[in-house]
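Thanks for coming. Please have the sequence and the model on screen while I talk.

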Amino acid sequence: MSENTIKDKVAIVGVGETTYYKRAQAPVSEFRLACEAILKAADDAGIDVRDIDGISGYANDRNDASRLATALGLKQLSFAGMVWGGGGGGGSAAVGNACAALVAGFAKYVVVFRALAQGQFGRFGQAPVSKDISGPGAYTAPYGLYVPAQWIALRTRRFMHQYGINSEPLAAVALADYYHAQFNPRAVMYGHPLTREEYDKSRWIVEPFHLYDCCMENDGSAALILTTADRARDTRKKPAYVMAAAQGSDYRQGATIENSPDYSASNFKTLAPRLFEMAGITAKDVDCAQIYEHFSGAVMVSLAEHGFCKPEEVMEFVTFENITAPNGKLPVNTSGGNIAECYMHGLELVAEAVRQVRGDSTCQVPDCKISLVASGPMVTPVSDLIVHSL
Amino acid sequence: MAEDKKHYLPEGLPTPRAMRNGLDKEYWEAAKRRELVVQRCNSCRAFQWGPEPICHKCHSFDLGWHKVSGRGRLFSWVRTWNPVHPALRGACPYIVAVVELPDADNIRMVGNLLGDPAQNPPFDVDVEAVFEDHGDATLIQWKLSK
């Protein structure tokens, strides 16, 4: 690997989260939630929030960087970046952009954040209502194809058909998420364990996804503070060093009307090799993984594309025993993930990866050194991140 | 039988309109004539879908339209149980299909698979286009080939 890398030059030094609320139940505005999470992250890092001079966001975040900088009294704003695309594909990319800005010397402390208050704004799981439609939507909406659950189900079913996979790996992901959430008081589903029987009996949303295969819709905010490795030595908590980050998309995967050439791909096929090359490790070295699950089915595809198993091995690899902490072969979504902790568009997964390598997760993987995050499978762009402890 | 209904899904979903810039005008006009046309590059003959102003293969801006047979292959399908639009309350479950067109570089189209919403057709089975009129717009739907 050349010198031109972010590896170990940047660390995540602070994590801040508001209470995670059920959808539309946040008692305060989305903008205030963002401010609260950023203040908490600065406190966790042991820095003055006013020293933050960079802001990195994704998924068309409604909370404008300049407004945040003004409200929080930042001394200066020297970097502000936003990743293209909606959904969670930009979660790790926003961290990657923060790393790039720090290594380039654009900023000294960059905050990555996500804030959501769906009571104040619209829902993601419902279609907008209009009389007419034109453009790509004219080829899908009149057929009742509207929402991510359907897009991801179509792709997941094709993958399952190709590799002879039944619903067992999907159930394993949902049950593992709920299992991990029972240890995590931050989780919206803390205190609400899920049994296999309840999973099987739950209503279909869109086949093959039962209710519990789908992420929640939540209100809240999460924020992470990043700084350069030399400054990280002075912060309060053990730093989580960024080993590698990757973002992007494969050939024509943004094609509209279900025309992505590699239809059932989670879209990490070109990212994962770049990620592991930068990190200088292989999938075998990863101690736990945080894999974005808007819907359970995307997890098995993502795990396969990162080389944790072959697509033909999904049935043997993606089992409840293998993906649960502390003793699974590869614990996945150890805080409960989008399905049972909260749906902060996956930024809570990055926070959990940091906790795992700091050693303060509520479902700690013993001696966890390396944690991988995969953000937003089956959308475009997607992104990846590996953090580790030194 | 669902096939006897005039429309697979109830009224109230948005009516498709051609784009204001004219990019897909020919598709919607052909559908009214009960023809399925798809975008094809006049320069390199590559097919692409959805319509774009540039050919993804050779970057020509000289794009045209090509009439295809309406024969397709059922590439993927899902059954939706949760009404994602107010017009779909009471209409669930229904099937959304993704169909490949073998005589057009396997470009894909979306439609409903007509017939019983409880059916479980195999993947890659042959389907054919059906034209469903909605006032001044015509939707292309799909049914299993006999």
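Is Ser60(B) buried or exposed? In this predicted model, Ser60(B) has a relative accessibility of 13%, so the residue counts as buried, the cut-off being under 20%. Leaving aside residues up to four places away in sequence, Ser60(B) touches Cys41(B), Ser43(B), Pro53(B), Ile54(B) and Cys55(B).

Next, the contact between the chains. Chain B puts 42 residues into it and chain A puts in 41. The size of an interface is often given as the accessible area lost when the parts come together. Here, the area buried between chain B and chain A is about 3700 Å², and carbon and sulfur atoms give 55% of that.

How many salt bridges are there between chain B and chain A? The count is three. Arg158(A) and Asp124(B) meet through their side chains in a salt bridge, at 2.9 Å from N to O. As for polar contacts between chain B and chain A, 26 residue pairs are counted, both residues being at pLDDT 80 or more. On the side of chain B that touches chain A, β1, α1, β5, β6, β7 and β9 of chain B each supply at least two residues. β5(B) gives the most to that side, with six residues.

Now the aromatic rings. A search of the whole structure turns up 13 aromatic pairs over all chains. In one of them, Phe209(A) and Phe295(A), the ring centres are 5.4 Å apart and the planes are at 15°, so this pair is stacked. Phe209(A) belongs to strand β8 of chain A, while Phe295(A) is in the loop between β11 and α9 of chain A, so the pair ties together parts 86 residues apart in sequence. Phe209(A) and Phe295(A) are both buried.

Tyr292(A) and Tyr343(A) make an edge-to-face pair, with 6.2 Å from centre to centre and 65° between the planes. Tyr292(A) is in the loop between β11 and α9 of chain A, and Tyr343(A) is in the loop between α12 and α13 of chain A, 51 residues apart. Tyr292(A) is buried at a relative accessible area of 1%, and Tyr343(A) counts as buried at 7%.

Ring pairs also join Tyr139(A), Tyr27(B), Trp28(B), Trp49(B) and Trp65(B) into a cluster.

Last, charges over rings. Arg67(A) has its charged end over the ring of Phe31(A), 3.6 Å from the centre. Arg157(A) lies over the face of Trp77(B), with 4.1 Å to the ring centre.

Terms used. Residues are numbered from 1 along each chain as its sequence is written. Chains are lettered from A and ligands numbered from 1 in the order in which they are written. This is a predicted model: local features need pLDDT of at least 70, side-chain atom pairs count only at pLDDT 80 or more; totals for chains, interfaces and linings use all residues. Side-chain values use heavy atoms; hydrogens and water are left out. Rings of Phe, Tyr and Trp (its six-membered ring) pair if their centres lie within 6.5 Å; planes under 30 degrees apart count as stacked, over 60 as edge-to-face and the rest as tilted. Helices (H or I, at least four residues) and strands (E, at least two) are DSSP runs, numbered from the N terminus. Buried means under 20% relative accessible area, exposed over 50%, partly exposed in between (1.4 Å probe, protein chains only). A charge sits over a ring if NZ of Lys or CZ of Arg is within 6 Å of the ring centre and within 35 degrees of the ring normal. Contact means heavy atoms within 4.5 Å. Buried area is the accessible area (1.4 Å probe) that two parts lose on being put together, summed over both. A salt bridge is a side-chain nitrogen of Lys or Arg within 4 Å of a carboxyl oxygen of Asp or Glu. A polar contact is a pair of N or O atoms within 3.5 Å; within protein, one must be able to donate a hydrogen and the other to accept it, and residues adjacent in sequence count only if both atoms are side-chain atoms.
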